[in-house]
Each structure stands twice: as C-alpha cells, then as structure tokens.
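Hi,

Here is the structure I said I would pass on. Have a look at it first, and then read on for what turned up.

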Amino acid sequence: MVPPPPGPTVYPKQPHANSVRDDTINRDAADPDFARSLRSLGPVTPAPTFSNSSVFNSGQQNTSGYPQPQMFPSAATNPALQILDARNRLTDAAEAEFSEMGRRGFQGKEFLDVVVIRQALMMRDEKGLADTEIERSLGLKSGVIARLGKKGIVGDVSIDGALSG
C-alpha cells in the first residue's frame, strides 16, 4: 500500500507585539468608533495587587465606592495563625521551664512527659496518694495533678486495653 501524499504545510500567522507602528496599528488609530469607545472608558485603574512585593497599591485609597475584599484574614482571626502562635507560646514556656529546672526558686514542672504522667496516675489511682504528695515527690508544680481530672477521667491503660485500678 502506498502512503498518501503529505498535505500542505500551513504556518498560521501568529499575532505578536511590535514596537514598530505598522498598517494594522494605523487602521485602529484611524477608526473613529474605536477611538470613541476608548474615550468613553476613560483612564483605566488596574486591579489592586495583593503581592507583598508589589509597589503599585502602596498608599492608594479605594475610590470605587465598593468594599474591597480582604485577601488575607487578620492574624487575630485566622485559626491557623492562632494555633501556630499558641504552639510558639507553649514551646517558649516549656523551654523557659527547662532552663529554670534545678535552680533555687523553681516551683516545679508543669510540662510533663508520658512517663511522669503514668507515674502520677499510678500513684494517685493505685496507691491512693494525695495530689500534693504526688506533686512533691515528682517535683511538679502545685495544681498539675488536679488538671488531669478526677479518678476515672484520665487513667493508666494496661496492655489488654482495660483501665487499671
């Protein structure tokens, strides 16, 4: 079988920007309807740019009469930023506590790891020790054990999944 002959090669003319004024530009400039529509538009105000690197919208006021949409919520009402802020505050407090540990005037640990929590729960639930006694023996700040809740709210879970105590 003989392949069909190749078709003609077409190179469509692509519109492109040109710095030289050609005949097409001159025809547009001479068109009175086009010129009238441009005059009716008046000067164009570009849409505001919300980029941090943009210098276009610096110091300009909203003159449209319509409220401008807020591109980014404020940090005070943004839940993601609030979470990050709380996380940073807790990290700073934990680091400050760790740096004060062992110094005179240290009032006890407030940030606990799982081993200390388990020890405290066993002392409270299995041995029946008072909160103040547990806090003193484990070097905890006053009131930390009470924040775990009453017996039965938080407890030590054994390997088989049942609550011990």
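The place to start is the largest nonpolar core, which has ten residues in all: V116, A120, L121, M123, I134, L138, L140, V144, I145 and L148. Two elements each give two or more residues to this core, namely α4 (114–125) and α5 (131–138). Of the elements, α4 gives the most, with four residues. Keep in mind that this is a predicted model.

Leaving aside residues up to four places away in sequence, I145 touches A120, R124, D131, I134, E135 and L140.

That brings us to R124, which sits in helix α4. Is R124 buried or exposed? R124 counts as buried, because its relative accessibility is 11%, under the 20% cut-off. Its side chain reaches two backbone oxygens: that of G149 at 2.6 Å and that of V154 at 2.9 Å. Again leaving out residues up to four places away in sequence, R124 touches L129, D131, I134, I145, L148, G149, K150, K151 and V154.

Now for the whole protein. Buried residues account for 11% of the 165 residues. The accessible surface is about 14100 Å², and 59% of that belongs to carbon and sulfur atoms. As for contacts between residues at least 6 apart in sequence, 40% join residues at least 24 apart.

Cheers

Technical notes: Residues numbered from 1 in each chain as written. Predicted model: local features only at pLDDT ≥ 70, side-chain atom pairs only at ≥ 80, totals over all residues. Heavy atoms only, no water. Core = buried A, V, L, I, M, F, W, Y, C linked by side-chain atoms within 4.5 Å. Buried < 20%, exposed > 50% of the residue type's maximum accessible area, 1.4 Å probe, protein only. Contact = heavy atoms within 4.5 Å. Polar contact = N/O pair within 3.5 Å; in protein donor to acceptor, adjacent residues only side chain to side chain. Areas by Shrake-Rupley, 256 points an atom, 1.4 Å probe, with all protein chains shown as cover.
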